[in-house]
Structures are given as structure tokens and as C-alpha cells.
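These are my notes from looking through one protein chain. I put a question to myself at each stop and wrote down what I found.

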Amino acid sequence: QMALFNAHPCDLVEVIYDVVLQFYIKVLPVKVAFRYIFVLLLLAVAACSAKAPDVAMMTSAAGRDHVLAGKIWDVRAGQFLAPDKLASRLKQEDYILLGEIHDNPDHHLIQAWVLQAMADRNRRAAVVFEMIGLDQTGALELYQEKDRYDAEALDRYLEWDKSGWPDWDIYRPIFDAALLNGMRLYAGNLPTETAREMGRKD
């Protein structure tokens, strides 16, 4: 019970979805079951997409007590900005750069929320990742040849465990949000060995 109440709202939706899914599969004819399952999936996505990140959802202790934690500061206007206002503003931009501290899972959840919020406003962006080298373009495109709605096996295609980036699990929400909403993924870094060589020279 503690785990459920402390979980991200989308995690709770997923638990409920799994329980109901098993019920429909066991009780109803296959065609009827899948009709209900499709509706449940749409409801689950809607429930998750409506939730903006806040301090209560933070999983990392880093920065949790900071006065700006869970808030959005508009530098140009010199005032705080509501999440929905930010999402509406981002929809109008041609290019959006999303930064993070690489090993902070909360930053990646916020990035995933930004992608979802844009999709909710009918903006389907191309998403370019610093973590993927140009030499991995083939593997990335191979993964996307089929209709993909999550990043379940993408880490294996990219050999993420050999990449030197932090754990795949904290990055996956961004990839999931992009693929779920039909956004195309692209490599945005130098070929892996070239980037490593440059890093060694520094």
C-alpha cells in the first residue's frame, strides 16, 4: 500500500490497467476483450498525460528542498510559469533544447512530460538525442521500422550498457513518451568512438 500511494500516478494507472487486463482476457471472448482493452489503454494514456511533474513525484533527493523545486521560472518575464502555460508556449517553438543532469531521474521524467504535453497539443516533434551517436543511426532506424509504442528493447539495439551513459531505466521515460506519440527518434552526437577520442584528448 505504501508503494502504491508513493508511486508516480502513471505507475498506479499501470497497476490498475494490468489487473483489469487480466480480468478481460480470462472472462470475455477475445474480440470483445480487445475492444475493452483498447479503451482502457486510451484512458491510461490520458490519465498519465494530464499530470505535470511536481515535488511529490520526485524520486531523487538532489534538489528536493530547493526553493525552486517543482516550479518553472520564466527568465524573460521574471516570474513563475504554470506547466500548462509552458506547454502551450513550447508548442509554438521550432526548436526546443531540453537539458538535464545526466544521472538525475527526475530531470528525465520532466523531459518526458514535456514531450507528452506537446503531443497532447497535437505537436509531433522529431526528437534528437545527445546520447545516441551517428554510427548508431542504423540500429535506431531498424528499431523504428516497425510501429513501436514503447522503448522496451531499444536499449539492446543501441547497446546502451556499453555506452557509458547512466542507467537505461532513468532515460527510458523520454524514449517511451516519444514513441508512444509517434515522434521520430534521431541520433544527435558524433560517432561513439570519435566522441570518446575527443574526451580522452581533453
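Entry 1. Is Val75 buried or exposed? I noted before looking that this is a predicted model. Val75 is exposed, because its relative accessible area is 69% and the cut-off for exposed is over 50%. I then looked up its place in the chain: Val75 sits in the loop between β1 (73-74) and β2 (79-80). I also found Val75 in a nonpolar surface patch, together with Val67, Leu68, Trp73 and Phe80. The patch has about 530 Å² of accessible area in all. In general, nonpolar side chains in soluble globular proteins tend to be buried together.

Entry 2. I went over the whole chain next. I listed nine helices and four strands. Read from the N terminus, the order is α-α-α-β-β-α-α-β-α-α-α-β-α. The chain has 202 residues, and 30% of them count as buried. The chain exposes about 13500 Å², with 57% of that supplied by carbon and sulfur atoms. Among contacts between residues at least 6 apart in sequence, 63% join residues at least 24 apart.

Entry 3. Which residues have the most contacts inside the largest nonpolar core? I found Phe129, Leu154, Phe175 and Leu185, in a core of 25 residues. The elements giving two or more residues to this core are α5, β3 (127-133), α6 (137-144), α7 (154-158), α8 (168-180) and β4 (185-189). Helix α8 gives the most, with eight residues. There is also a second, separate core of nine residues, which includes Ala87, Val114, Ala117 and Met118. I looked up Leu185 by itself, leaving out neighbours within four places in sequence. Its contacts include Val127, Phe129, Leu140, Leu154 and Phe175.

Entry 4. In α4 (residues 83-91), the buried ones are Leu86, Ala87 and Leu90. They are on the same side of α4, because they cover an arc of only 100° around the axis. Their cover includes α5 (105-120). In α6, the buried residues are Leu140, Tyr143 and Gln144. These fall within an arc of 95° seen down the axis, so they line one face of α6. They pack against β3, α7, α8 and β4.

Entry 5. Is Asn181 buried or exposed? Asn181 is buried, because its relative accessible area is 10% and buried means under 20%. I located Asn181 in the loop between α8 and β4. Beyond residues up to four places away in sequence, Asn181 touches Gln116, Ala119 and Arg124.

Entry 6. How many salt bridges does the count come to? I recorded six. Arg172 pairs with Glu152, with the closest N and O atoms 3.4 Å apart. Arg172 is in helix α8 and Glu152 is in the loop between α6 and α7, so this pair ties together parts that are 20 residues apart in sequence. Arg172 is partly exposed at 21% relative accessibility, and Glu152 is partly exposed at 47%. Arg172 also forms a salt bridge with Asp176, at 2.9 Å from N to O. Those two are four residues apart in α8, so about one helical turn separates them. I therefore wrote down Glu152, Arg172 and Asp176 as linked in a network of salt bridges, each bridge needing a nitrogen within 4 Å of a carboxyl oxygen.

Definitions and conventions: Residues numbered from 1 in each chain as written. Predicted model: local features only at pLDDT ≥ 70, side-chain atom pairs only at ≥ 80, totals over all residues. Heavy atoms only, no water. Patch = residues over 30% accessible without salt bridge, like charges linked within 9 Å, V, L, I, M, F, W, Y side chains within 5 Å. Areas by Shrake-Rupley, 256 points an atom, 1.4 Å probe, with all protein chains shown as cover. Salt bridge = Lys/Arg side-chain N within 4 Å of Asp/Glu carboxyl O. Buried < 20%, exposed > 50% of the residue type's maximum accessible area, 1.4 Å probe, protein only. Contact = heavy atoms within 4.5 Å. Arc of directions from axis to C-beta. Core = buried A, V, L, I, M, F, W, Y, C linked by side-chain atoms within 4.5 Å.
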